[in-house]
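Please read the numbered points with the model in view.

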Amino acid sequence: MAKSLQRPFLLLTVAVVLFSTVSFSNAIPFIVFHGIGDQCSGGVSNFTQLLSSVSGSPGSCLEIGNGEKDSWFMPLVQQASVACEKVKQMKELSQGYNIVAESQGNMVARGLIEFCDDAPPVVNYVSLGGPHAGIAAVPKCGDGPKCAIAEDILKLEIYNDFVQDHIAPSGYVKIPGEMTKYLEHSQYLPKLNNERPDERNSTFKDRFTSLHNLVLVMFQNDTTLIPKETSWFGYFTDEGFGTLLLTQQTKLYTEDWIGLKALDDVGKVKFVSVSGDHLMIAFQDVVKYVAPYLMQIS
């Protein structure tokens, strides 16, 4: 999630030189969303290049503002809005595109899919360690002044309006046993997951179910996402930490608030489990589980 946790992706970039780039003339392009505390340059740029090399499709990392800083301090509603406008201005995406998102970047990616009006269609969406059902505890940020400031503000009160307005991950912190506060004051995830009974939006569901493939990658030894099953939309019960619900046991799935069940019923959801800690994906897993969904020809 934080930059210090995403550096394992750098191990993959060595493999780029092993592949010659295939012609991009007829391939559907893709965009990458990085996680919190990171930016499109450096390791994420190398990872994007790797994906292009192994898939033969043109790709780019879509930056939201001042990457590292704004990934922490720009609220997710605004991040999704920025992504929406940028995508609509990219002519190469106008006929459709694929998405690969890392960690918190999945919150931006799903906001783009569900909330963006008059946007080009997303064909395939690959989620790497996404906190889709929320996180029950705030992960350690790492070192540096930005992290220290963010952690201090988060400790004030997760569902405080000031925190929600200024710290991005507060938008998907979902504390079991505090559902009333969460539904009343969390500014992002309840909307994204259509959780408020009187505010459910069928358009969000329709847009999500328009995906051709949804690939949900969970890391078996994830120590950043609590619980790790949130990568598959699994989560604790509303009452507390005592019981962990599998994806198909959650109300989001059984009542199909966003269309996850509808996608799953027709075989469009791939639940993938890989070894390693958060975002520590092996090269062979990239080739097996990510690249095939970027190879579609327009």
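1. The torsion about the S-S bond of Cys 40 and Cys 61 is about -70 degrees, so this disulfide is left-handed. The sulfur atoms of Cys 40 and Cys 61 are 2.0 Å apart, and a disulfide is here a pair of cysteine sulfur atoms within 2.5 Å. The bond links distant parts of the chain, 21 residues apart: Cys 40 is in the loop between β1 (30-33) and α2 (43-55), and Cys 61 is in strand β2 (residues 59-61). Helices (H or I, at least four residues) and strands (E, at least two) are DSSP runs, numbered from the N terminus. Cys 40 counts as buried, at 12% relative accessibility; buried means under 20% relative accessible area, exposed over 50%, and partly exposed in between (1.4 Å probe, protein chains only).

2. The model is predicted: local features need pLDDT of at least 70, side-chain atom pairs count only at pLDDT 80 or more, and totals for chains, interfaces and linings use all residues. Residues are numbered from 1 along each chain as its sequence is written, and side-chain values use heavy atoms, with hydrogens and water left out.

3. By the sulfur distance rule, the count comes to two disulfides. Cys 84 and Cys 116 form a disulfide with an S to S distance of 2.0 Å. This link is right-handed, with 70 degrees about the S-S bond. Cys 84 lies in helix α4 (residues 76-89) and Cys 116 in the loop between α5 (105-115) and β4 (122-128), so the pair ties together parts that are 32 residues apart in sequence. Cys 84 is buried, at 7% relative accessibility, and Cys 116 is buried as well, at 5%.

4. Is Thr 230 buried or exposed? Thr 230 is buried, because its relative accessible area is 0%. This residue is found in the loop between β5 (213-219) and β6 (235-236). Leaving aside residues up to four places away in sequence, Thr 230 touches Gly 130, Pro 131, His 132, Ala 133, Gly 134, Leu 225 and Tyr 235, where contact means heavy atoms within 4.5 Å.

5. Some totals complete the picture. The chain has 13 helices and eight strands. Of its 298 residues, 56% are buried. Among the contacts with a separation of 6 or more, 73% come from residues 24 or more positions apart. The chain exposes about 12,200 Å², of which carbon and sulfur atoms supply 53%; accessible areas come from the Shrake-Rupley method with a 1.4 Å probe, and for residues only the protein chains shown count as cover.
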